[in-house]
Amino acid sequence: MSYLELSERIDKVFGHLELRLSLRNGSVDAKFRVVHDMRLIEAVIEGRKVDEAPIIASRICGACSIAHFLASITAIENALGVELPDDIILLKESMNKIQVAQNNVVHLFFLALPDYYNARTLSELLSRNPDLIKVGFKLNNLCLQVVELLAGRIVNPNTYRIGGFTKKPSKDKVEKAVRILGEAEKLAREVVDHVTRLELPELVDPSPVYLVSESPIGYLSIGDYILSSTGEKFRAVDYPKYISEEVVDYSNSKVYRYNGRVFYVGSRARVLEYGERLVGLEDYVSSIVKELNNPYANIKAKALEILATIMDVKEKLDELKDRDLRLRTEYTIRSGEGVGVLEAPRGLLIHHYRVDSEGRVVYANIITPTAMNALHIEHSAMTLGKKIVEGELDVVEAKKYLSMLVRAYDPCLPCAVHVVVKQ
Amino acid sequence: MVKVYVNDKEVEVGEGSYIIDAVIKAGYSVPTLCFFKGIYREASCRICIVELGNGRLVPACAYPVSEGLRVYTNTERVRRNRRVILELILASHKIKCQSCPRKGGFCQLLDLAREYGVEGIPVCAECPLHGNECLLVRGEPCLGPITIAGCGSPCTREGTICIGCRGPITRRDVLVEAARLYKEHKIPLEEVFSKMKLFWNNHPSLDKIYNILLETYNGGEKK
Ligand code: SF4
């Protein structure tokens, strides 16, 4: 075969996306084309007051508004030099964690799982395997209830402002959340049992370099450093030295390289880096860790994270419900520069702002996980392409595996296209 | 007994009843404001209008039933006219939600305004934070006084300012009252403007709102 071009519009992802794979005389090329319209959120944020930046940032994405909100507010807090008491950090992290769980549920059940049952759509899977999908709906609902208790509502949180929470969550609210999480934990166990046993298509990660935001303690906590699987650890504010960006003409999203290399961010990276900290889940971790060099295994990591975060948040909330919490600190407006990094559901998220002495944001830069993964997806797709060239895979199968591959990464295109080229 | 058709459904009501009795018996409803059964039946607010089979619009609370009467409670024409009536009611209503005793979401006008899409009532009407807890008292630039109500004020409920995502009220008296509030609580108007630009940047009346606020704010208190 001398020439073949596969161009797949991928469905069941957030936003519009096309994956193009061309095979020419044995050479393989893949293009991850984000065709979603430009959103230019960074330009919208520049010139605004500091307290407005997180409000706008949370509108970047409906699915992970909390991650964007928290990353943005953390960046601003760092820029203003706000020292947060432990209680605030704990609740802030819980908010992020439970959102990761909820997002993972949505991705797993409604976007990724239909592939593994040969169903084209969710409704097809629902008619064939109603019990499974009902667990998904139930779990999603339970997680959303907890999100609502912590964040005020299910999108665009309104309980938190620079310097802390507006109110102390009442005791019965927290108790209710703990109760709900207890119920969710049981369901999550079923899910993990189920998903970890799934048979995955075979593929070896072509570029096993991972970046995660550092968790000083536990899993998915918010730190000031970025860790790489090569053993390097750098301060979040130094990210421009390590992560280079590039505008490509075929896509509405930028692409990123870490020290010149293609890298991956996401659930797999998190489990590989911090999996051993998941107390009580050691069996699950050891059962999937061998598979994690397969990009498709992201769904297993995600399933595991659902259970891990639910257990974690439950424990934390249970512990703080009887305590007197300090949930607010004072801050003053001053000029400065700050970077907020955290693990969004789809991986490392970086918000970077510069603030002037009047409290206006004069520079904003947002790097989203999907944009960072763009090149990695291309490389994985090329590995699949090579299999076609070598005759291991026929074209019909390849098409299916390509869209499954993209869905395994769970890209979120509305997040990826806010970038502007700055002169 | 008299046979009446409400939205083509047949019901029987006693001699001397009014349309509203038939409507309720048939399982439908019409909004009422001034009507109080057995006490007040003057049809002065007119919000309860319904359409008869012959096309006339009559107030349901005060129009007696007759044999074979056909009544429609929710036609396009009825809704359009109720909207106008509501606008007229609101036009003569002093919208000062911050000092109204029916605050915290117990406002029938607010419910109707939401249902018929009439602007005029600000978020303060459904905000539970009036009085000492109001965010204005804390010096925060809440957009509640100039934002269309109907959201249930989820933001102020959680203690964060209203950022106006439901859109602005363009009525002059509401804006004047809001400017008075901002001034009373010493909220700098620049702060308010900055928040207004979050969601209303392209609103056609933005300049008008700016000017009214500014005028009142700088022109001293007009009661
Ligand atoms: S907090 Fe805002 S919405 Fe609530 S009463 Fe005060 S100004 Fe109105």
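Analyst: Buried means under 20% relative accessible area, exposed means over 50%, and partly exposed lies in between (1.4 Å probe, protein chains only). This is a predicted model, where local features need pLDDT of at least 70, side-chain atom pairs count only at pLDDT 80 or more, and totals for chains, interfaces and linings use all residues. Residues are numbered from 1 along each chain as its sequence is written, chains are lettered from A and ligands numbered from 1 in the order in which they are written, and side-chain values use heavy atoms, without hydrogens and water.

User: Thanks! Is E51(B) buried or exposed?

Analyst: Start with its partner: the side chains of E51(B) and R77(B) meet in a salt bridge, with N to O at 3.1 Å (a side-chain nitrogen of Lys or Arg within 4 Å of a carboxyl oxygen of Asp or Glu). E51(B) lies in strand 3 of chain B and R77(B) in helix 2, so the pair ties together parts 26 residues apart in sequence (helices, H or I of at least four residues, and strands, E of at least two, are DSSP runs numbered from the N terminus). R77(B) is partly exposed at 31%. Because its relative accessible area is 15%, E51(B) counts as buried.

User: Which residues join R9(A) in one network?

Analyst: Side chains of opposite charge can pair when their charged atoms come close. Here, salt bridges that share partners link R9(A) into one network with E18(A), R20(A) and R33(A).

User: How many residues apart in sequence are the parts that R270(A) and E343(A) tie together?

Analyst: R270(A) forms a salt bridge with E343(A), and their closest N and O atoms are 2.9 Å apart. R270(A) belongs to helix 9 of chain A and E343(A) to strand 11 of chain A, so the parts tied together have a sequence separation of 73 residues.

User: What is the relative accessibility of R189(A)?

Analyst: R189(A) meets E185(A) in a salt bridge of 3.6 Å, N to O. Both lie in helix 7 of chain A, four residues apart, about one turn of the helix. E185(A) is buried at 14%, whereas R189(A) counts as partly exposed because its relative accessibility is 31%.

User: How are helix 12 and helix 13 of chain A oriented, roughly parallel or antiparallel?

Analyst: Their axes come within 10 Å and cross at roughly 160° (lines fitted to C-alpha atoms over the stretch in contact, with angles from 0 to 180 degrees between N-to-C directions). That makes helix 12 of chain A and helix 13 of chain A roughly antiparallel (under 35 degrees is roughly parallel, over 145 roughly antiparallel, 65 to 115 roughly perpendicular, and the rest oblique). So the label for this pair is roughly antiparallel.
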